[in-house]
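Please read it alongside the sequence and the model.

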Amino acid sequence: MTNRDFVKFCRAAPDKPVMYMWGDYGRPITEATISTKAKQYPVHYSKEYQEELREKIGESTNCGWIGCDCTGLIKWFLWTGGDIDKVPKYDAETDSSACGWYAAAKVRGTIDSIPERPGLIVSMPGHCGVYVGNKE
């Protein structure tokens with residue numbers, strides 16, 4: 001998998017029925033994932049939010065809605081071998097947080113110093129994203 005594969009994956013993700021889910025990584029939204037994440041991260045999963053997520057179970061095309069957060073996008077790519085249509089398989093070896101991705105970076109710099117190299121992970125405290133090129 002290359003940085004260009006990563007960019008292609010990231011550009012395809014908005015075409016999927018994805019809903020933000022703190023701590024998740026591209027899996028179908030199910031009662032089990034909602035319950036697990038609500039227990040794991042109670043501050044991020046109010047009763048109202050859990051109900052909103054439940055409304056997405058089984059909705060949409062083929063596999064329903066997908067749950068993902070910012071680091072989850074990176075894990076989704078890694079844990080499916082870059083195949084956005086696959087369900088990710090958890091891999092503890094490559095599991096990381098936004099701060100973890102930053103700590104593992106071999107090169108760091110400010111946003112104005114970013115090289116024109118699509119597929120770089122960009123970071124700020126507690127959040128990350130992907131530079132897809134052309135200053136996007």
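In strand 3, Gly 67 is the bridge partner of Arg 27; strands, like helices, are DSSP runs numbered from the N terminus, with at least two residues (E) for a strand and at least four (H or I) for a helix. Strand 3 covers residues 66–68 and is joined to strand 2 by 3 bridges, the two running antiparallel, where pairing requires that DSSP finds at least two bridges between two strands. The model is a predicted one, in which local features need pLDDT of at least 70 and side-chain atom pairs count only at pLDDT 80 or more, while totals for chains, interfaces and linings use all residues. Residues are numbered from 1 along each chain as its sequence is written, and side-chain values use heavy atoms, with hydrogens and water left out.

The pairing belongs to an open sheet of 3 strands in the order 1-3-2, with mixed pairing. Helix 4 (residues 70–79) lies across strand 1, strand 2 and strand 3, and runs at about 75° to strand 2, contact meaning heavy atoms within 4.5 Å.

Helix 4 also contributes to the linings of the two pockets compared here. A pocket is an open set of points, on a 1 Å grid over the protein atoms alone, where a 1.4 Å probe fits, with protein on both sides within 12 Å along at least five of seven lines; lining residues have an atom within 4 Å of a point. A volume is the space filled by probe spheres set on the points, which are joined across faces, edges and corners.

| Pocket | Volume | Lining by class |
|---|---|---|
| Largest | about 920 Å³ | 16 nonpolar, 7 polar, 3 charged residues |

The largest share of the largest pocket's lining, 4 residues, comes from strand 4. For the second largest pocket, the largest share, 3 residues, comes from helix 4, and Gly 23, Asp 69, Thr 71, Lys 75 and Ser 97 lie nearest the centre among its 17 lining residues.

How values were computed: Axes fitted to C-alpha atoms, helices over the stretch in contact; angles between N-to-C directions. Nonpolar A, V, L, I, M, F, W, Y, C, P; charged D, E, K, R; others polar.
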